[in-house]
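The following exercises are to be worked with the sequence and the model at hand. Each task is followed by a solution in steps.

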Amino acid sequence: MSTNEQLFDRAQKVIPGGVNSPVRAFRAVGGTPRFIARGEGAWIVDAEGRRYVDYIGSWGPMILGHGHPAVLEAVLKAARDGFSFGAPTEREVELAEEIIRHVPSVEQVRLVSSGTEACMSAIRLARAATGRSRLIKFEGCYHGHADALLVKAGSGLATFGHPTSAGVPPEVVQHTTVLDFNNIQQLEEAFAAYGDELACVIIEPIAGNMNFVRTSESFMAWLRELCYKHGALLIMDEVMTGFRVALGGAQSLYAQRMQGFVPDISVFGKVIGGGMPLAAFGASRTIMAQLAPLGPAYQAGTLSGNPVATACGLATLHEIAKPGFHEALGERTRELVDGLKAEADAAGIPLAVDSEGGLFGFFFADALPHDYASAVAVDKERFNRFFHAMLDAGVYFAPALYEAGFVSAAHGQAEIEHTLKAARAAFTALRT
Ligand SMILES: Cc1ncc(COP(=O)(O)O)c(C=O)c1O
């Protein structure tokens with residue numbers, strides 16, 4: 001049996017940083033990443049046989065936990081029928097129908113293989129539909145690693161953003177404007193300055209990439225209004241929130257509070273693939289008609305709508321569409337965050353918590369943040385110590401303080417109790 005350390009040494013020889021996605025490397029918290037051998041319901045087991053309550057759930061997809069029998073059976077059956085054909089299959093139609101059934105703003109979807117691909121394609125679609133180039137994104141939101149999105153704000157509204165990654169030419173981000181999340185005044189100024197050149201605004205409705213930060217209702221209402229007024233398309237990136245915070249995604253929560261609220265384009269990923277590489281973007285039929293082969297906007301993929309991935313996604317969606325699923329998931333998640341808060345209070349450690357459906361966040365701070373600056377201005381040292389104490393006690397939270405947490409339907413009373421018991425000891429140790 002190899003240890004995590006041995007595997008990480010081996011990995012670093014053949015894979016940059018030893019990982020295939022940077023956050024897995026534990027750089028933010030230090031220490032050796034756990035190499036996961038298998039998952040069982042709400043638990044994951046590492047290469048050394050240690051078990052952890054899993055609050056990452058593959059960063060969102062595993063809403064039913066690991067190895068759900070109905071999903072497993074659907075995947076095995078699909079695999080026996082063939083891995084990939086590069087020709088249309090019935091399940092792609094079924095999955096598209098299923099997504100549309102739950103998200104009224106979407107009349108058609110195109111399936112792709114990752115959230116990055118879906119967001120990149122959604123922006124191309126918005127540009128094709130409007131004939132404009134400029135896009136707005138918000139600091140702290142992540143929409144995948146397409147060049148034009150790896151950008152941070154310039155020094156003022158009139159200046160261009162700067163690439164946040166080497167290898168992204170400055171010219172590629174010149175059409176991207178980065179604004180502060182939840183800042184209505186800045187939004188108004190930006191629309192006044194170049195609203196009529198805007199193709200789209202892309203936003204995470206609950207930003208899970210700065211831990212857990214909600215858009216305020218007034219901000220979302222203004223954003224929606226300004227986009228309508230200036231003919232820009234509102235892209236809601238529900239890769240993380242879609243089918244997780246509610247069956248109809250975060251947009252359904254806004255629609256409950258704001259009559260007629262709909263985004264123009266929606267992006268999904270994670271849950272709709274149930275753990276397989278699958279994502280999607282969708283909109284009205286008119287907007288989607290811009291896409292090849294109907295329209296002039298090119299978009300394609302060898303493995304798009306893959307038969308095994310669609311089987312996994314469909315089986316997952318069938319399970320989560322059962323009555324009461326999200327209510328139960330939301331209650332369990334609330335129990336977790338309320339419990340964490342109570343344990344922190346008892347230890348005299350400031351902690352702010354929030355959750356929606358099966359998505360949650362906690363901050364070592366007195367109050368919940370409202371933007372990127374306040375989300376990262378928390379006690380990092382405390383978070384890192386807490387993370388490691390929990391990991392040692394068999395609880396696997398995201399190894400970085402700016403990431404959301406995920407609860408699955410497999411998380412039961414026993415897992416919550418295990419977590420809160422570990423948290424009690426971890427918070428108490430933080431006092432020293
Ligand atoms: C909101 C959001 N959009 C897009 C992406 C990119 O998805 P992927 O990692 O599948 O490319 C992510 C990934 O975490 C995400 O959280």
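**Exercise 1. Determine how helices α12 and α13 are oriented to each other, and which residues form their contact.**

Solution. This is a predicted model, and the helices are located in it first: α12 covers residues 380–392 and α13 covers residues 413–430.

Step 1. Two packed helices are described by the angle between their axes and the distance between the axes. Here the axes come within 9 Å and cross at roughly 140°.

Step 2. Angles over 145 degrees count as roughly antiparallel and those from 65 to 115 as roughly perpendicular, while the rest, apart from angles under 35, are oblique. α12 and α13 are therefore oblique to each other.

Step 3. The crossing of the two helices, α12 and α13, is right-handed.

Step 4. On the α12 side, the contact is made by Arg 382, Arg 385, Phe 386, Ala 389 and Met 390. Their counterparts in α13 are Ala 422, Ala 423, Ala 426, Ala 429 and Leu 430. Sorted by class, this contact has 8 nonpolar and 2 charged residues, and no polar ones.

**Exercise 2. State the strand order of the open sheet and identify its edge strands.**

Solution. Step 1. Strands of a sheet pair through backbone hydrogen bonds, either parallel or antiparallel. In this sheet of 4 strands the pairing is mixed, and the order is β1-β2-β3-β17.

Step 1. β1 (36–40) and β17 (395–396) each pair on one side only, and they are the edge strands.

Step 2. Strand β3 (residues 51–54) runs parallel to β17, and 2 bridges join them. Asp 54 stands opposite Tyr 396 in β17.

**Exercise 3. Describe the shell of residues around the ligand.**

Solution. Step 1. The ligand is surrounded by 16 residues, the closest being Ser 114, Gly 115, Thr 116, Gly 144 and Val 239.

Step 1. Helix α4 (residues 115–130) supplies the largest share of this shell, 3 residues.

Step 2. By class, the shell contains 8 polar, 6 nonpolar and 2 charged residues.

Note on methods:
Residues are numbered from 1 along each chain as its sequence is written. This is a predicted model: local features need pLDDT of at least 70, side-chain atom pairs count only at pLDDT 80 or more; totals for chains, interfaces and linings use all residues. Two strands pair if DSSP finds at least two bridges between them. A residue is near a molecule or strand if its C-beta atom, placed from the backbone, lies within 6 Å of it. Ala, Val, Leu, Ile, Met, Phe, Trp, Tyr, Cys and Pro count as nonpolar, Asp, Glu, Lys and Arg as charged, and the others, Gly among them, as polar. Axes are lines fitted to C-alpha atoms, for helices over the stretch in contact, and angles run from 0 to 180 degrees between N-to-C directions. A crossing is left-handed if the near helix is turned anticlockwise from the far one by less than a right angle, and right-handed if clockwise. Two residues are in contact if their C-beta atoms, placed from the backbone, lie within 7 Å.
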